[in-house]
Amino acid sequence: MNSKTDKEYKFQLQKYSGPGSRHTCPKCGRKHCFTYYVDQDGNEIDEIVGRCNHESSCGYHYPPHDYFNDNAIEYYKPRSDSYSITKDPKNKRSNTKSFTPSYIDAELVIKNKSQQSTFVDFLKNLIKNQDIVRHLCETYQLGATYKREVIFWQIDKNFRVRGGKIMVYDLRTGKRVKDDKYGINWVHCKWKGKTGIPADFNLKQCLFGEHLLRLWPFKPVAVVESEKTAIIAYSLFPDFIWVATGGKSNTDILKMKVLQGRSVVLFPDVDGFEKWSENAKTYSFCDATVSDALEKYASDKDREAKIDIADVLIHLYHSITK
């Protein structure tokens with residue numbers, strides 16, 4: 001430890017490995033200037049947890065311990081064998097972030113509703129049934145940018161639009177494109193200053209697909225990590241409401257409490273079983289179980305590839321259409 005102000009945590013700032021390791025700042029909206037905090041496996045905590053390189057003009061710094069405290073995540077504790085993170089005393093004003101959410105005008109969702117994205121192209125190639133694809137797009141209110149990026153809108157249980165995550169998928173493989181040109185972006189960053197987006201936008205995420213809870217109050221809920229997985233799984237198993245956390249670490253109590261009183265099954269990615277199982281123990285507000293299907297049957301190759309149930313379902317679709 002370097003000083004008395006240092007604290008040891010199990011997360012550190014992502015090491016620089018090229019422009020692709022720097023991301024869009026959730027405050028100032030500039031690209032390739034935001035550094036995520038990551039765990040020992042290199043997984044980010046959340047797209048809003050990190051530090052902007054523009055210390056003087058932006059000053060955004062949202063460290064892990066503030067995020068976990070704000071979201072009442074109980075498993076986050078200092079560890080003696082963890083990485084060391086130093087809080088910069090010059091950045092005191094930027095270490096505190098209000099967690100009152102901002103909302104995007106629903107008109108933007110309506111205006112940008114579209115099937116013209118490479119992600120939807122992939123769905124059409126996979127599923128073959130255009131009526132099912134159209135239903136999926138309507139159910140999850142999918143949008144698209146003029147560059148054919150998909151917009152995954154986060155709409156909460158009260159039908160308020162919390163944000164829009166923008167991503168690019170390969171239309172043949174369905175894998176997310178992760179390179180220097182394309183990464184995760186957000187509507188409030190990309191369209192800053194546009195009518196319907198508050199100038200001082202404060203992103204507080206909700207579950208992707210959360211709005212469906214109000215529509216189907218008695219359906220059981222299935223929780224997955226990625227938006228893509230939720231959509232593909234719903235196409236095959238519509239008796240569940242499929243929602244996505246948007247990240248491996250986004251299963252905190254405050255976000256999940258929207259599932260109060262529900263029957264809930266969590267389907268973690270193959271590398272997230274232990275973490276999600278620990279988190280599920282704190283969900284006293286719902287009847288939660290964690291599927292161990294991938295944990296039991298994944299091969300070493302599957303684990304290395306960090307597969308999720310979408311990979312299994314895509315393989316099932318391919319076998320059906322052969």
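Author: A nonpolar core is a set of buried Ala, Val, Leu, Ile, Met, Phe, Trp, Tyr and Cys residues joined through side-chain atoms within 4.5 Å; buried means under 20% relative accessible area, exposed over 50%, and partly exposed in between, with a 1.4 Å probe and protein chains only. The model is predicted, so local features need pLDDT of at least 70 and side-chain atom pairs count only at pLDDT 80 or more, while totals for chains, interfaces and linings use all residues. Residues are numbered from 1 along each chain as its sequence is written, and side-chain values use heavy atoms, without hydrogens and water.

The largest nonpolar core comprises 86 residues, and Trp-153 and Trp-242 have the most contacts inside it. Helix H3 (residues 118-127) supplies the largest share of this core, six residues. Helices (H or I, at least four residues) and strands (E, at least two) are DSSP runs, numbered from the N terminus.

Strand S8 (residues 150-155) has six of its six residues buried. Val-150, Phe-152 and Gln-154 point one way from S8, whereas Ile-151, Trp-153 and Ile-155 point the other way. Contact means heavy atoms within 4.5 Å; leaving aside residues up to four places away in sequence, Trp-153 touches, among others, Leu-108, Gly-143, Val-161 and Trp-191.

Strands pair if DSSP finds at least two bridges between them. Two bridges join S7 (residues 143-144) to S8 in antiparallel fashion, with Ala-144 opposite Val-150. Six bridges join S8 to S9 (residues 161-167), also antiparallel, and Ile-155 stands opposite Val-161. In the five-residue turn between S8 and S9, Phe-159 has a positive phi of about 65°.
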